[in-house]
Amino acid sequence: MMENKIVVVRGGGDLASGTINRLHNMGFKVLVLEIENPNFIRRKVCYGQAVYEDEFLLEGAVSKRADSLEEIKNIWAEGKIPVYIDPCMKILSELKPIAVVDAIIAKKNLGMKKNIAPVTIALGPGFEAGKDADAVIETQRGHNLGRIIFEGYAAENTGIPGIIKGYGKERVIHAPASGKLKIVHDIGSVVQKDEIIAYIDKVPVYASLTGLIRGMIRDGSIVEKGLKISDIDPREEELKNCYTISDKARTISGGVAEALFYLMNRLLVEKQ
């Protein structure tokens, strides 16, 4: 194992948080990089929420907002996960991490380069393994979820959410107008189809089906028409899913961990 155990994860959303949690529990010093005002749909399972809440607890690990390099180091000393606003990754020159994991899930490359750290890993489509990063992790549900790709690309984004009890795209709710979001029924609430769950200014947002609100962006968010703002799980009994890392995120995190150790070991062999 190399002495440098710093891993930078770009993005603190729900899929990224599976990887953040796993690497933190494995003993790495994880730094999460975020943008100024991130929108998290499943914000109850996103370490990036520390941007707004200062500290955020998820499955036994706490993330905490940092505003300087000194604060980042102090948060690590507390055994917590620092979240730092730095979309351009300027902090890398000061930290020199062993690895950078791009977990933004933007479906395109937002500045990831293979040579920015000794080990680079990217999640999902938009990256070419071997060119943009050392490895790419498959994020599309199915047989290959979590698979490590060392050459080529992950599957293209279908734009269709996973099917749950026969529902796919119906589970996702997009903003019917632009304006300020006011939540009526938040994450964890059971709602009926066509019930008002929020307002954007004075425009009502209706539940697309009967079920459990699993995702809802932060109250008071300024949104644009068409933005994904909520999702509903038709399984009303699955309340715990609103507050725990998803099966998808856990599977992806396994692929990241495996790729990280493989690539770190390869570096050690090359140095001998």
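**Helix contact and cavity in a predicted model**

Biologist: This model is predicted. Which residues bring α1 and α5 together?

Modeller: From α1 come D14, L15, G18, T19, R22 and L23. From α5 come K248, A249, R250, I252, S253, G254, V256, A257 and L260.

Biologist: What is the make-up of that contact by class?

Modeller: Seven residues are nonpolar, four polar and four charged. Gly counts as polar, and G18 and G254 are among the contact residues.

Biologist: Where do the two helices run, and at what angle do they pack?

Modeller: Helix α1 spans residues 14-25 and helix α5 residues 247-271. The angle is about 50°, with the axes 8 Å apart.

Biologist: What is the hand of the crossing?

Modeller: α1 and α5 cross in a right-handed way.

Biologist: How many cavities of 30 Å³ or more does a search of the whole structure find?

Modeller: One. The largest cavity has a volume of about 50 Å³, so it passes the 30 Å³ cut-off.

Biologist: What lines the largest cavity?

Modeller: D14, R42, V45, R214, N241, C242, T244, I245, S246 and A249. By class, four are nonpolar, three polar and three charged. Cys counts as nonpolar, so C242 belongs with the nonpolar lining residues. D14 and A249 line the cavity and also take part in the helix contact.

Conventions. Residues numbered from 1 in each chain as written. Predicted model: local features only at pLDDT ≥ 70, side-chain atom pairs only at ≥ 80, totals over all residues. Heavy atoms only, no water. Axes fitted to C-alpha atoms, helices over the stretch in contact; angles between N-to-C directions. Helix = DSSP H or I, 4+ residues; strand = E, 2+ residues; numbered from the N terminus. Left-handed = near helix turned anticlockwise from the far one by under 90°. Contact = heavy atoms within 4.5 Å. 1 Å grid on protein atoms, 1.4 Å probe; cavity = no way out; pocket = protein on both sides within 12 Å on 5 of 7 lines; lining within 4 Å.
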